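Subject: Structure for your review

Dear colleague,

Please find below the structure that I am handing over to you. My findings follow it, and I would be grateful if you would read them alongside the coordinates.

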Amino acid sequence: MDLRLTDPQRALREDAAAFAESLRPSLENDPEWRRQGMLSDGDSREVTRALGEAGWIGMTWPEELGGRGLTHVDAALVEDVFGYHWLPLSLYLLSYKTIGCALERFASPELKETLLGPVARGELMFCQGFSEPGAGSDLAALSTRAVRDGDRFVVDGHKIWTSSAWLADWIYLAVRTNPDEARHRGISVLVAPLDTPGIEVRRFPALGGGHLCEVFLDGVEIPAGNLVGEVDRGWDVLMHTLDFERITAEKLGGLAWILDLIEARLAETERLDASWSRLAVLRGELTSARLLSLRAADLLDRAEPASAASAMAKLAGARFAQRLAREAIELLGLDGLVDGQLSGPLEGRVGALYRAAVGSTISGGSAEILQVVIARRGLGLR
């Protein structure tokens, strides 16, 4: 992998920065945006629509599906820029990067035609129904059941920690279609509009800012044509979905912004010389995490197995977020605890990060699960 940016990639990042900066005036009036501690905490239908209208959603899809035919490395470089400017990206990440890319790979031609164009335009937004009260990081333990009834599935179950469900239009559901199969078999993936009868969404605030949701499914009828991939063989679909999700370049962009402003703050208060060695270690960790994300994106571009690499990228970013949050509070003192004020030191982002980073080694796959993925798929251990 060539680590040097091409001239088109530099130009792409400059365009992304200019676009992100143009949205800042509208974001500054949003109190929830000011409490955002991690990029996955921020939600905005308006920003997602603006991203679509400007051609930033579906970047890696072919033009006939509404995309720009760019690489996953290009997309990661752009998402890093969006993160640096703290765009609220939850709906974008779910609709395009996680679910949309899986649909582009596994969905039927009919589903692609129905869904991907509106997603690319920022008109249709997804949430992801994976975790359950008894099946968080252990996705294979899910019990939400879908029973085939003629030309439809009837779904009953309960999903939790569902980001963006209160704003989304459709849900991407992991369900058990054959309880007699082994736990990693008998699982399928369905998509459905959230206004389908029998779906109820309940919202609750999250520690790092933003909201999470519970989704209750009671006799929900979903057409059989809304199946993604093969029936009872959804595990492969889910694993590829997570490969896309775990490349967290946008979070690293936000953390880079915090690190830059910490350095500037220490320079203003003449404490930089005493702290340079700690900052250098943080810079090294940030660079390593960024390279791991780009490596995983490059493997996706080459159509090579990326599960271990994406798990490494996600784990490195999550651990760095927690380390940066702790170091920032120690380096800044009380300044680091200012929360949710654009006029305050670092715009209150450090205090928000300190709250949000607690969950970074749990959400999107716990650190323990990621280490198992790395051991088994990357190192061949059993």
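I begin with the largest cavity, whose lining consists of His72, Ala75, Ala76, Glu79, Tyr96, Lys97, Cys101, Phe244, Ile247, Ala297 and Leu300. Please note that this is a predicted model. The volume of the largest cavity is about 100 Å³. Helices H4, H5 and H9 each contribute at least two residues to its lining, and the largest share, four residues, belongs to H4. Sorted by class, the lining of this cavity has eight nonpolar residues, one polar residue and two charged residues.

In total, two cavities of 30 Å³ or more are present in the structure. The second largest cavity has a volume of about 40 Å³, and Met239, Asp243, Arg246, Ser307, Val373 and Arg377 line it. Here H7 and helix H12 (367-378) each provide at least two lining residues. Two residues of this lining are nonpolar, one is polar and three are charged.

Turning to the pockets, the second largest pocket has a volume of about 260 Å³. It is lined by 17 residues, of which His72, Arg105, Phe244, Leu300 and Ala303 are the closest to its centre. Helix H5 (90-106), H7 and H9 each supply at least two residues of that lining. Its composition is eight nonpolar, three polar and six charged residues. His72, Phe244 and Leu300 are also among the residues that line the largest cavity.

Where does Thr162 lie? Thr162 is in the loop between strand S3 (152-159) and strand S4 (170-176). With a relative accessible area of 0%, Thr162 is buried, because buried means under 20%. Beyond its neighbours within four places in sequence, Thr162 contacts Cys127, Gln128, Leu212, Cys213 and Val215. The C-alpha atoms of Thr162 and Glu214 are 6.1 Å apart, although 52 residues separate the two along the chain.

Pro88 is located in the loop between H4 and H5. Its relative accessibility is 4%, so Pro88 likewise counts as buried. Not counting residues up to four places away in sequence, Pro88 touches Leu27, Trp33, Gln36, Gly42, Asp43, Ser44 and Val47. Between the C-alpha atoms of Pro88 and Ala306, which are 218 residues apart along the chain, the separation is 26 Å.

Yours sincerely

Key:
Residues numbered from 1 in each chain as written. Predicted model: local features only at pLDDT ≥ 70, side-chain atom pairs only at ≥ 80, totals over all residues. Heavy atoms only, no water. 1 Å grid on protein atoms, 1.4 Å probe; cavity = no way out; pocket = protein on both sides within 12 Å on 5 of 7 lines; lining within 4 Å. Points joined across faces, edges and corners; volume = space filled by probe spheres on them. Nonpolar A, V, L, I, M, F, W, Y, C, P; charged D, E, K, R; others polar. Buried < 20%, exposed > 50% of the residue type's maximum accessible area, 1.4 Å probe, protein only. Contact = heavy atoms within 4.5 Å.
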